[in-house]
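Subject: Structure handover and notes

Dear colleague,

I am handing over the structure we spoke about, together with my notes on it.

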Amino acid sequence: MDTALWQRVQEVFADTIELPVDVRQSHLAAACAGNPDLLAEVTSLLEAHRRAGAFIESVPDHIGPYRIEEEIGQGGMGTVYRASRDDGQFRHQVAVKILSLAATPSLYRRFLDEQQILANLSHANIARLLDGGITRSGLSYIVMEFIEGEPIDRYCESRPVSERLRLFRTVCAAVHHAHQNLIVHRDLKPANVLVTADGAPKLLDFGVAKMLSPDQRRSDVTIVQAMTPEYASPEQIRGGLVSTASDVYSLGTILYELLTGRRPYLLDGRTYDEIRHVVCDLPIEKPATGSSDLDAIVSKAMRK
């Protein structure tokens with residue numbers, strides 16, 4: 001099946017699965033009019049989803065030319081595995097993110113959004129999208145560049161300030177590239193910036209990113225659960241509109257931590273109301289980096 005048809009299959013499936021069962025057939029008839037192959041593929045996926053019910057299908061040994069080797073991470077969007085291409089053409093390691101058939105329609109839509117977002121980005125410091133699609137059994141997957149490194153905060157612990165700033169400027173350039181493509185990351189934090197053995201930072205995890213319309217640099221939906229409170233902007237905590245400035249705020253929290261060795265806020269064990277009060281209402285403690293310029297940059301980025 002060609003790539004264009006698979007893309008259309010995914011789009012129609014995502015639209016259909018959100019509808020009540022009694023109106024799905026009429027919707028399919030209209031969406032697939034004149035295209036029996038599209039109708040057959042979407043119908044097959046809907047049946048696979050129905051059979052899956054609330055159970056998570058076991059992960060296959062292979063997805064396309066990629067051999068699944070081990071689980072390396074889990075999140076609300078799916079499970080990530082380290083895999084190797086072993087079709088005889090060449091060998092290299094990749095990261096494969098798989099969404100369970102038991103995922104809700106809204107998660108499936110976000111999974112498709114992540115795939116499209118990664119396809120829109122091409123930057124040396126952003127993990128690349130290599131492949132993606134749906135298996136015959138109905139598993140949705142994304143194949144990404146496998147990044148082996150350590151979070152930027154740990155990497156910087158024993159590094160001089162000049163090197164920390166160099167790395168941070170590179171991260172800012174990667175985020176700027178995303179913003180130029182009307183994409184807001186929405187979950188910038190040290191764990192999503194890995195530094196490789198050769199000192200190159202790589203920006204990961206666009207699973208909760210948001211594509212903005214060309215004429216509106218704000219998103220109209222914020223999912224409060226899909227964020228990390230210690231690095232989230234006040235508007236994210238409040239559940240308000242999110243813009244590229246929200247990522248700038250999160251970058252400010254990362255820079256604060258890289259320069260001082262501590263986070264701007266201590267939120268462990270706090271209730272949501274307490275977190276909201278601390279992040280949205282209370283002033284941050286002055287970074288005291290030893291440089292008035294750096295203090296001003298951090299304070300400006302985190303200005304409420």
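This is a predicted model: local features need pLDDT of at least 70, side-chain atom pairs count only at pLDDT 80 or more; totals for chains, interfaces and linings use all residues.

The protein has 304 residues, of which 47% count as buried, and its secondary structure consists of ten helices and 13 strands. The accessible surface comes to about 15200 Å², with 51% of that area belonging to carbon and sulfur atoms. Among the contacts with a separation of 6 or more, 60% are between residues 24 or more positions apart.

On the core: the largest nonpolar core holds 61 residues, and the members that touch the most others are Val42, Ile152, Leu203 and Phe206. Apart from this core lies another one, of eleven residues, which includes Val94, Val96, Leu139 and Val143. As general background, nonpolar side chains in soluble globular proteins tend to be buried together.

Asn192 sits in the loop between strand E8 (183-184) and strand E9 (193-196), and it counts as buried because its relative accessible area is 6%, under the 20% cut-off. Its side chain reaches the backbone oxygen of Asp187 at 2.8 Å. Beyond residues up to four places away in sequence, Asn192 touches His185, Asp187, Lys202, Leu203, Leu204 and Asp205. Asp187 also forms a salt bridge with Lys189, in which the closest N and O atoms are 3.6 Å apart, and both of these residues are buried.

The buried residues of H6 are Glu163, Arg164, Leu167, Phe168, Val171, Ala174, Val175, His177, Ala178 and His179. The elements covering them include helix H5 (152-155), strands E8 and E9, strand E10 (201-203) and helix H8 (244-260). Just after H6, Leu182 takes a positive phi of about 60°.

The structure holds eleven salt bridges. In one of them Arg82 pairs with Glu69, the closest N and O atoms being 2.4 Å apart; this pair links distant parts of the chain, with Arg82 in strand E3 (residues 78-85) and Glu69 in strand E2 (residues 66-75), 13 residues apart. Arg82 is buried, with a relative accessible area of 17%, whereas Glu69 is partly exposed at 29%. The two also belong to a network of salt bridges that links Arg67, Glu69, Glu70 and Arg82.

A further salt bridge joins the side chains of Arg263 and Glu230, at 3.9 Å from N to O. This pair, too, links distant parts of the chain, with Arg263 in the loop between H8 and helix H9 (272-281) and Glu230 in the loop between strand E12 (218-219) and helix H7 (234-238), 33 residues apart. Arg263 is partly exposed, with a relative accessible area of 34%, while Glu230 counts as buried at 12%.

Two single residues remain. Leaving aside neighbours within four places in sequence, Ser246 is in contact with Ser233, Glu235 and Gln236, and the C-alpha atoms of Ser246 and Ser233, which are 13 residues apart along the chain, are separated by 5.5 Å.

Arg136, by contrast, counts as exposed, because its relative accessibility of 59% is over the 50% cut-off. Arg136 is found in the loop between strand E5 (129-134) and strand E6 (140-145), and its C-alpha atom is separated by 8.5 Å from that of Ser44, although the two residues are 92 residues apart along the chain.

With best regards

Definitions and conventions: Residues are numbered from 1 along each chain as its sequence is written. Side-chain values use heavy atoms; hydrogens and water are left out. A nonpolar core is a set of buried Ala, Val, Leu, Ile, Met, Phe, Trp, Tyr and Cys residues joined through side-chain atoms within 4.5 Å. Buried means under 20% relative accessible area, exposed over 50%, partly exposed in between (1.4 Å probe, protein chains only). Helices (H or I, at least four residues) and strands (E, at least two) are DSSP runs, numbered from the N terminus. A polar contact is a pair of N or O atoms within 3.5 Å; within protein, one must be able to donate a hydrogen and the other to accept it, and residues adjacent in sequence count only if both atoms are side-chain atoms. Contact means heavy atoms within 4.5 Å. A salt bridge is a side-chain nitrogen of Lys or Arg within 4 Å of a carboxyl oxygen of Asp or Glu. Accessible areas come from the Shrake-Rupley method with a 1.4 Å probe; for residues, only the protein chains shown count as cover.
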